[in-house]
Amino acid sequence: MIVADQKPIEEILQMLEPYKRVLLLGCQSCVAVCMAGGEKEVGLLASAVRLARTSQGRPIEITEGVVKRQCDDEFNDLWRETIEQQEAVLSLACGVGVNKLSERFDLPILPALNTKFFGEVERQGIWTEVCAGCGNCILHMTGGICPIARCAKNLLNGPCGGVRADGTCEVSRNGPRPCAWVLIYERLGKLNQRKNMEQLFAAKDWSSDRHGGPRRRIREDMLL
Amino acid sequence: MSAHAEPKIVAFCCHYCAFAAADLAGVLRLKYPPNVHIIRLPCTGKLDALYVLKAFEAGADGVIVAGCLEGSCHFISGNIRAKKRVLAIKNLLPKLGIAPERLEFFNLSSAQGDRFAQIAREMVERVRALGSFHPAEEEDSHDRRGSEAHRRDLTDAGAL
């Protein structure tokens, strides 16, 4: 899923500063699962903003809502009339939802979240990046563990010298993380596929990543 | 902001300990200020940050969250979870212009009726010293809407 984080409340209040009538629109997909922009978070943020603005003596009229998927006009259209009555919309969707609403409606669409990465639920309250969306999967060779996302250096022929004796990586963000290539080695052992380690990967062709600009997927057979 | 004559305190109490302690305070005829409005939760682990914010929106000047003593939660760790949530809300409140002292978490057992009365007195005094937080109930429609939503949330929680 797409993992996002709510922006600091100070930043959100600053964005809302010029407005007196806004819609807080959440999304019931990825950001609801990662507890950043679902119905519950919409309610909480709306309450916090109302309290802050009331204590500033500048009350704000907030409408609360959620759509099934904010990356899809079909669902956003259900909110069209409400959206058109607002001075601005504070979107609690990922960046895709904010872009989608901005393309469709002629009013400011403000992001309440910082969109972070494609992640898994490690356990409740912890989400971890496991896919980088590089556009060319090699997971069948690496036991289903992605070195592009999970290795700090995106190494295809790891591990590097930065792996510690306990199997963690020298690069540590939010606590020590296991070396992706140690995980791959152990996983391939369990699958009896350790011979995969003997294959050297050639330099990666990054053209499928986003270095060539925004990507697009077209399925001719599905076009109407 | 208009001033309340008396501060309003909302107390979210767990069924097994804090609510029973409040009940005991009544049975023992202990005096405590009538400003404390008790809302029973099945466990403080049911507490959501939204309950607290909605309480403030609905006109509360202070909020108490009271659960079992640590290690005695009927649901094992609900009070520990609630404590973490209260801490997170206390960090948020100053950013909304609300003094964090208006919210407090307490642990007490069902046998501590006197402690409940003491907590009620302490919080009323503390909040009275801080003054009224909130615009009066008649302030605007947001308050009324907040109040209704608050009741709805609590009904959903099985608290009312």
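In the predicted model, the contact between the two chains draws 18 residues from chain A and 20 residues from chain B. About 1,500 Å² is buried between chain A and chain B, and carbon and sulfur atoms account for 65% of this area. On the chain A side, L44(A), R50(A) and L51(A) together supply 35% of the area that chain A buries against chain B, more than any other three residues.

The rule identifies 2 salt bridges between chain A and chain B. R50(A), one of the three residues that lead the buried area of chain A, forms a salt bridge with E57(B) through their side chains, with an N to O distance of 2.5 Å. Three elements of chain A, namely α1 (9-16), α3 (39-55) and β3 (61-67), each provide at least two residues to the side that touches chain B. Helix α3(A) gives the largest share of that side, 10 residues. Sorted by class, the side of chain A that touches chain B comprises 9 nonpolar, 4 polar and 5 charged residues.

The second largest pocket has a volume of about 560 Å³. Its lining consists of I2(A), C94(A), G95(A), V96(A), N99(A), K100(A), E103(A), T115(A), K116(A), F117(A) and F118(A). Two or more residues of this lining come from each of α6 (95-104) and β6 (113-123) of chain A. The greatest contribution to the lining of the second largest pocket is that of α6(A), with 5 residues. By class, the lining of the second largest pocket divides into 5 nonpolar, 3 polar and 3 charged residues.

Over all chains, the count of salt bridges comes to 19. One of the pairs that meet in a salt bridge is formed by the side chains of E122(A) and R177(A), at 3.4 Å from N to O. This pair links distant parts of the chain, with E122(A) in strand β6 of chain A and R177(A) in the loop between α7 and α8 of chain A, 55 residues apart. Strand β6 of chain A is also one of the elements that line the second largest pocket.

Two backbone features remain to be described. Most residues other than glycine have a negative phi, and most peptide bonds are trans. In chain A, the peptide bond between G158(A) and P159(A) is cis, with omega at about 0°. P159(A) is placed in the loop between α7 (147-150) and α8 (180-190) of chain A, and the loop between α7 and α8 of chain A also holds R177(A). In chain B, R29(B), a residue other than glycine, has a positive phi, near 60°. R29(B) lies in the loop between α1 (18-27) and β2 (36-41) of chain B.

Technical notes
Residues numbered from 1 in each chain as written. Chains lettered and ligands numbered in written order. Predicted model: local features only at pLDDT ≥ 70, side-chain atom pairs only at ≥ 80, totals over all residues. Heavy atoms only, no water. Contact = heavy atoms within 4.5 Å. Buried area = accessible area lost by both parts, 1.4 Å probe. Salt bridge = Lys/Arg side-chain N within 4 Å of Asp/Glu carboxyl O. Helix = DSSP H or I, 4+ residues; strand = E, 2+ residues; numbered from the N terminus. Nonpolar A, V, L, I, M, F, W, Y, C, P; charged D, E, K, R; others polar. 1 Å grid on protein atoms, 1.4 Å probe; cavity = no way out; pocket = protein on both sides within 12 Å on 5 of 7 lines; lining within 4 Å. Points joined across faces, edges and corners; volume = space filled by probe spheres on them.
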